Amino acid sequence: MPRVSVITIAGDESLAVLERCGRALRRQTAPDWEWLIAWEGRAYAGPRRDPRIRWVRADSWNAAVEQAAGDVVLFLDARDELERDALERILEVLDAEPETD
């Protein structure tokens, strides 16, 4: 089970925008994550290059959270890119302060 579930709602963004976002995720120094790309369309049948990346059918953030497997949920806009150590720093803070929500 991943520690972090990163959730992105795919709207009108092109696949190139999502790929740029995903490239930043795959470079993370903390490897224990999953990326849920939520959208209202039918199930995605494209290539699955990374088992940590799942296309899920969801019409809202809450519906996507219900499908997340991680202990921590991070909402990420498709146009954003995380710094290479972002997830590692988040987990360090949460490990040091376990009562933090």
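A polar contact is taken here as a pair of N or O atoms within 3.5 Å; within protein, one atom must be able to donate a hydrogen and the other to accept it, and residues adjacent in sequence count only if both atoms are side-chain atoms. The model is predicted, so local features need pLDDT of at least 70 and side-chain atom pairs count only at pLDDT 80 or more, while totals for chains, interfaces and linings use all residues. Residues are numbered from 1 along each chain as its sequence is written, and side-chain values use heavy atoms, with hydrogens and water left out.

The side chain of Ser5 reaches the backbone nitrogen of Gly70 at 2.7 Å. Ser5 is placed in strand 1, residues 4-9 (strands are DSSP runs of E with at least two residues, helices runs of H or I with at least four, both numbered from the N terminus). Ser5 counts as buried because its relative accessibility is 0% (buried is under 20% relative accessible area, exposed over 50%, partly exposed in between, with a 1.4 Å probe and protein chains only). Beyond neighbours within four places in sequence, the contacts of Ser5 (heavy atoms within 4.5 Å) include Glu34, Ala69, Gly70 and Val72. The C-alpha atoms of Ser5 and Trp33 are 5.8 Å apart, although 28 residues separate the two in sequence.

The structure holds eight salt bridges, each defined as a side-chain nitrogen of Lys or Arg within 4 Å of a carboxyl oxygen of Asp or Glu. Glu81 pairs with Arg20, with 3.4 Å between the closest N and O atoms. This pair links distant parts of the chain, 61 residues apart: Glu81 lies in the loop between strand 4 and helix 3 (86-96), and Arg20 in helix 1 (residues 15-26). Glu81 is partly exposed at 45% relative accessible area, as is Arg20 at 36%.

A salt bridge also joins Arg52 and Asp50 at 2.9 Å, N to O. Here Arg52 is partly exposed at 26%, whereas Asp50 is buried at 12%. In the salt bridge between Asp85 and Arg89, the closest N and O atoms are 3.2 Å apart.

Trp61, Val65, Val73 and Phe75 make a nonpolar surface patch of about 320 Å². Helix 2 (61-65) and strand 4 (72-75) are the elements that give two or more residues to this patch. Patch residues have over 30% relative accessible area and no salt bridge; like charges are joined within 9 Å, and nonpolar side chains (Val, Leu, Ile, Met, Phe, Trp, Tyr) within 5 Å. Accessible areas come from the Shrake-Rupley method with a 1.4 Å probe, and for residues only the protein chains shown count as cover.
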